[in-house]
Structures are given as structure tokens and as C-alpha cells.
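Please brief me on the fold shown here. Keep it short and grouped by topic.

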Amino acid sequence: MRQAAADKLRAWAARRHGLDSLPMTINRRRVYILPTRFGLMLALILVAMLVAGLNYNSNLGLAFAFLMVSIALVTMHHCNRNLLGLSVDVTTEVDAFAGREASFEFVLRNDSSVERRDIEVRCTAASGIRSVAASSSGSVTVAIPVPQRGIARYAHFELRTRHPFGWFHAWTYVQSPLTAYVAPSPRGTQTLPAATGSGSRLRSDVRGDEDFAGLRAYEPGMPLKHMAWKVLARGGAPAVQTYTSLAAQPEWLEWAALEGQDAETRLSQLCLWVVDSDAAQRVYGLRIPGKEIAPARGAAHRYACLRALAVFGNSEPR
């Protein structure tokens, strides 16, 4: 019954306020407040104190009961003010891997002269808490588990607070859709294909001068210009930096190179290849049924490839 009531209130708030544009500043009409279980218990105790004070004509008991009622009303005001006027923004699209977490970074901005304490940002069952000092801003990360590949959509998120005493619960709904592109889990047993895109395995003995390929033990006669001085300064064994010219040549990560495997296994292997190619700063392209991404490198290219793998097969939003 509690969940059904919360769903109805959320739907009513969505109809009342409509779709929100970020960044958004919380105004009075957006804040809802109710007593918590501790607040209800306090209310029952205060009612009992008032009845007992009137019944036994105890001025001290009545004075204490009225004092506690005054404190409760002031607490309710502070709980409401803790959200009022706060601005919120968030990156609405993020990338993640299946079986891990999609991390949304929320930015809270407090332009007032009062510190905002214990602001909770909640999306589905995940949440994060942050206090924001006066005339400053702060960020809070909410990590949402994403067990399956595809596109995960979240229609809204909430800002909550129980400051200062936990007697009242104030919250607001922000109707701004969040999207997580969930790529398959990067795993597989096959190594990167060669730069020719033929599907053969990468040769590790090819050397050049264009791209960093790793470290190897120093041997007498090696050029000192490639010496890894930082490793030596940290007390490590003498090593030299090796480079490969193969990393600068375009390679194709192809669906057809993984024959005999089911679709999800192929996608996981391709995802691993994308991650490894990006880490090695190689120029690579992606070919899957219905999609071809030209060879390139960099963060934008990596995200484009991972999103193509995430939406492969027209996965339904969840």
C-alpha cells in the first residue's frame, strides 16, 4: 500500500509539473514534506503530554509540551528550507558495462547563505548523500546497478532530506529522464586481430617509433633515450620504453571474425577488443550487422563503438 501510494503521488507530481529542464532550481511548489515514524511518535507523545497536563492542571507539563511543539514546528521549517532554492544538474547520458554500475554525477548548487546538510539524491534504489556549504556547489555520484546489456532509462530522480532531527521527511521529484547505455561485459579469450583486419592475431614483435607499447627489461646496448627514468627513480628495475608502428595502422573489429559463437559472446568479445584497442591507442573500426563505424581513436570513438554494441539488436528500454 505504501509503494502504491508513493507511485500515485509521483504520477500526480509528474502531471502537475511536467517535464523539467536542467539545471533546475527547487521552488516552494516542488517541495513535499511529511513526518517520519519518529515524528509521528513525537506527535503522539506531545498529545499525551498535553492531555495529561490539562487533566492534572500541571502548568510545568503544559509549558514543556508547548515548548516541544514549538521546536517541532521550527524543525519542520528547517527541513523544508534545506531543499528550497537548491539547484540541481546532472549528466543525463552515461555509459556502463553489463553487470556493473551506471554512475550519474549530480551537481548541487547552493546560492544561499545557509549550509544545506545531508541532501540525498535517489534514483531507483540507489542513492548518494552530500552536504553543500553556503554559496558553493558540490557533486554526488549515484551508482545504479545495470545487470543487462541495452538501454536503461530512468524517468525521474528525487532529492530528499531529513535534516535536522529526522522528525520530518522533505522531498521533491525531478522529472528529467536519465539514460544509461549498457555495453556488454568486456570478456573473451581471443586476442586483438591484426591491423589488416584479417582476424589473425596481433604480432608482439613488431617495433617502430610512433606509439607507446609498454616496458621491457633493459639490456646493454639499448639506446638511453628510451630509458624509463621514472621507473628507475622509484626504485624499480632498469627498463626501456618500447614503441610499435602497428598501433597507428587501422584495424577492423569484425563480427564475422567470431564465427561459431552466439550473439552475446560475440558482443562481449568485441567489447573487450574495443577496450583493449582504446587502451593501446590504436586506430580501429567496428563492423557489426547493420552498423559500421569507420576507424578512428579517442574517447568519442570509444563511446560510439560501445553504444553501438549496447543497442545491438534493438534492445528494449528498461
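Predicted model: local features only at pLDDT ≥ 70, side-chain atom pairs only at ≥ 80, totals over all residues.

Residues are numbered from 1 along each chain as its sequence is written, and side-chain values use heavy atoms, with hydrogens and water left out. The protein has six helices and 17 strands. Helices (H or I, at least four residues) and strands (E, at least two) are DSSP runs, numbered from the N terminus.

**Overall make-up**

- Of the 318 residues in the protein, 39% are buried. Buried means under 20% relative accessible area, exposed over 50%, and partly exposed in between (1.4 Å probe, protein chains only).
- Among contacts with a separation of 6 or more, 66% join residues 24 or more positions apart. Contact means heavy atoms within 4.5 Å.

**Nonpolar cores**

- The largest nonpolar core has 40 residues. Such a core is a set of buried Ala, Val, Leu, Ile, Met, Phe, Trp, Tyr and Cys residues joined through side-chain atoms within 4.5 Å.
- Phe104, Phe106, Leu108, Tyr154, Phe157 and Leu159 have the most contacts inside this core.
- Leaving aside neighbours within four places in sequence, Phe104 is in contact with residues including Val90, Val94, Val140, Ile144, Tyr154 and Leu178.
- Another core, of 20 residues, lies apart from the largest one; Leu192, Ala308, Leu309 and Phe312 are among its members.
- In soluble globular proteins, nonpolar side chains tend to be buried together.

**Helix 2**

- The expected span is 1.5 Å times one less than the number of residues.
- Gly39, Leu42, Leu46 and Gly53 of helix 2 are buried. They lie on the same side of helix 2 because they cover an arc of only 55 degrees around the axis. That arc is taken from the directions from the helix axis to the C-beta atoms.
- Strand 2 (32-35) and helix 3 (59-81) pack against the buried residues of helix 2.
- The face turned away from the buried side of helix 2 carries the exposed residues Arg37, Leu44, Val51 and Asn55.

**Helix 5**

- Helix 5 has 17 residues and reaches 24 Å from its first C-alpha to its last, close to the 24 Å expected at 1.5 Å a residue.
- Its buried residues include Arg266, Gln269, Leu270, Trp273 and Ser277.
- Strand 4 (93-97), strand 12 (178-183), strand 15 (251-254), strand 16 and helix 6 (299-310) are included in what covers the buried residues of helix 5.

**Loops and backbone**

- Leu22 and Pro23 are joined by a cis peptide bond, with omega about -5 degrees. Pro23 sits in the loop between helix 1 (2-17) and strand 1 (24-25).
- The peptide bond from His163 to Pro164 is also cis, with omega near 10 degrees. Pro164 is in the loop between strand 10 (157-161) and strand 11 (168-174).
- Asn57 has a positive phi near 55 degrees, in a residue other than glycine. Asn57 lies in the loop between helix 2 and helix 3. Asn57 counts as exposed because its relative accessibility is 62%.
- Gln281 has a positive phi near 60 degrees. Gln281 is in the loop between helix 5 (263-279) and strand 16 (284-288).

**Arginine 117 and the cysteines**

- Arg117 lies in strand 6 (residues 116-123). Arg117 is partly exposed, with a relative accessible area of 35%.
- Not counting residues up to four places away in sequence, Arg117 touches Asn82, Ser131, Thr161 and His163. The C-alpha atoms of Arg117 and Thr161 are separated by 8.0 Å, with the two residues 44 apart along the chain.
- Cys79 counts as buried at 0% relative accessibility. Cys305 is buried, with a relative accessible area of 0%.
- The whole structure holds zero disulfides. A disulfide is a pair of cysteine sulfur atoms within 2.5 Å.
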